[in-house]
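Reader: I would like to learn how to read a structure like this one, feature by feature. Please show it, and then take my questions in turn.

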Amino acid sequence: MPQANPKLNAFPVFMRVEGEAVAIVGGGEQALAKARLIGQSNAVLRIIADAPDAELLSFITATGAVHIAAAYDIAHLEGAVMVFAASGDEALDRRVVEDARRLGIPVNAVDRPELCDFFTPALVNRAPVAIAIGTEGAGPVLAQMLRGRIDRMLSPSLGPLAALAASFRGAAEKLLPKGNARRRFWSDFFGGAPAHAVDAGELAKAHDAAVDLLLSNAPTSGHIALVGAGPGVEDLLTLRAHRLLLEADVIVHDALVPEAIVAMGRRDAERLPVGKRKGCHTKSQAEINALLIELGRDGKRVVRLKSGDPLVFGRAGEEMAALRDAGIAYEVVPGVTAAFAAAADFELPLTLRGVSSSMVFTTGHDLKGNSLPDWAKLAISGATVAVYMGRSVAAEVAGRLIEAGLSPDTAVAVVENASLANRRRFHGTLADLPSLEARADLSGPVMTIIGDAVAGANFERSEPLAAHRHEGAAAAAEGVEQ
Ligand code: SAH
């Protein structure tokens, strides 16, 4: 059991080092590692090494660090605010530690925690913002792991944004009364137009947006991110999607996005399901558009979460047009579309040298009337065809393609719940495809891939579609297409 109130043995502080000397004693790898770490600050590095190795030497040349090319002497530490004993030689490191203490300078001895006055953190650097991770010298691997995770969570533009904020601090204090107004300004600054402009690399625009905010010229404007959630499994979400989820005030999501992904948002974010699944309250597209506009006008940061990629059969076109018309800022974050996830699950090359060099994303639902859809011609000329929402029209799709001249022996791969642990894979031919419609056992979303390139897939973990070919069509699924 962890202690109720575990206490730290080392307390983190941020020490002012700008223009100050930091002494590193040592000429090898350890010295270089510390030099690189401290080199992320504006400290003046003083490296004491009579025989630095080549890499350290080129670091010194490249950074203009002060190099004392002499055997170590206590005098070399004079005036430093921090000392690193990084020689790799225990006797020398001990001497450096004793000398530093005699001079009253805090000292760190690499890999000798018992000799350290302070520890160096694993550092996430978004200067002027810094996140320091410490494990009291016990777990450098753990610290690096945490560093990686935190680093991925934070926008690369956090640094420039914080620098811009610093330049506005004085003005905000002068113009805005302490309390609500000032808090509101900063929350709009870090979550609103200035932040989005910095993210987009438009610093001048960010500055203007901040001025507008400060002078209250700008109504607090919301922002909608149309975000692809990927095919279902959490770790196929993009880092950007994850970050936006953590920043969102409101998450508006389709039913096809699994709960586990919706849960990855900020704990106190409002979550609004907008349907499209049997038995759920479903909003019409017009209602969804209106909802997004309303949230935007309320100044909310919204993530509109869609399965797969938002621009593939996601009705993003309509939502973007509505937002544009309403003058609400939005952005699009791509996601891994179902066809790609299904192909990965099948180790299926979507393009295959000499076999297929183009690809069609289609839905079985455009097969109206007698005219063949244009993509049928592409299928015949060798394109790989990915059929979205195709299960309930599988027979129609197969029939039309065969009618158009595609061989009934053309390979077909089907994946239910692509990317998820409960996925199922089926393989067969175009002639087997109609059996899909009769399968009541498929309740998840289904992706169908058709074409000669499918023959290059791995069929070791898939079941034959043909096994179901003769099952009564009477049992035909009434399941709703997602
Ligand atoms: N924008 C989504 C597609 C939405 S249409 C995307 O880019 O993936 C919904 C259809 O996508 C489903 O009917 C199914 O054909 C497909 N689909 C979505 N997720 C899927 C998954 N995990 N496995 C198989 N097919 C999936």
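Reader: How far is a nitrogen atom of the ligand from a polar backbone atom of Met-447?

Author: A polar contact is a pair of N or O atoms within 3.5 Å. Met-447 has a polar backbone atom 3.5 Å from a ligand nitrogen atom. The model is predicted, with pLDDT of at least 70 required for local features and 80 or more for side-chain atom pairs, while totals for chains, interfaces and linings use all residues. Residues are numbered from 1 along each chain as its sequence is written, and side-chain values use heavy atoms, without hydrogens and water.

Reader: How many residues surround the ligand, and which are the closest?

Author: Count a residue if one of its heavy atoms lies within 4 Å. The ligand is surrounded by 19 residues, and the closest are Asp-309, Val-312, Thr-337, Ala-418 and Val-446.

Reader: Next, helix pairs. At what angle do helix α1 and helix α2 cross?

Author: Helices are DSSP runs (H or I, at least four residues) and strands likewise (E, at least two), numbered from the N terminus. Axes are lines fitted to C-alpha atoms, for helices over the stretch in contact, and angles between N-to-C directions run from 0 to 180 degrees. Helix α1 (residues 29-38) and helix α2 (residues 54-63) cross at roughly 25°, their axes coming within 9 Å. α1 and α2 are therefore roughly parallel to each other (under 35 degrees; over 145 is roughly antiparallel, 65 to 115 roughly perpendicular, the rest oblique).

Reader: Which residues in α1 meet α2?

Author: With contact meaning heavy atoms within 4.5 Å, Ala-31, Leu-32, Ala-35 and Arg-36 of α1 meet Glu-55, Leu-56 and Phe-59 of α2. These residues of the α1 and α2 contact comprise five nonpolar, no polar and two charged (nonpolar: Ala, Val, Leu, Ile, Met, Phe, Trp, Tyr, Cys and Pro; charged: Asp, Glu, Lys and Arg; polar: the others, Gly among them).

Reader: At what angle do helix α5 and helix α8 pack?

Author: Helix α5 (residues 158-175) packs on helix α8 (residues 203-214) at about 25°, with the axes 11 Å apart, and the two are therefore roughly parallel to each other. Pro-160, Leu-164, Phe-168, Ala-171, Ala-172 and Leu-175 in α5 meet α8 residues including Leu-203, Ala-206 and His-207. The class count for the contact of α5 with α8 is eleven nonpolar, one polar and no charged.

Reader: Are α11 and α12 parallel or oblique to each other?

Author: The axes of helix α11 (residues 285-297) and helix α12 (residues 316-326) come within 10 Å and cross at roughly 40°, and α11 and α12 are therefore oblique to each other. Among the contact residues are Gln-285, Ile-288 and Asn-289 of α11 and Glu-318, Glu-319 and Ala-322 of α12. The contact of α11 with α12 has six nonpolar, two polar and three charged residues.

Reader: Finally, the backbone. Is the peptide bond from Ala-127 to Pro-128 cis or trans?

Author: The Ala-127 to Pro-128 bond is cis, and its omega is near 5°. Pro-128 sits in the loop between β6 (122-126) and β7 (129-133).

Reader: What is phi of Glu-347?

Author: Glu-347, a residue other than glycine, has a positive phi, near 50°. Glu-347 belongs to the loop between α13 (338-345) and β13 (359-363).

Technical notes
A polar contact is a pair of N or O atoms within 3.5 Å; within protein, one must be able to donate a hydrogen and the other to accept it, and residues adjacent in sequence count only if both atoms are side-chain atoms.
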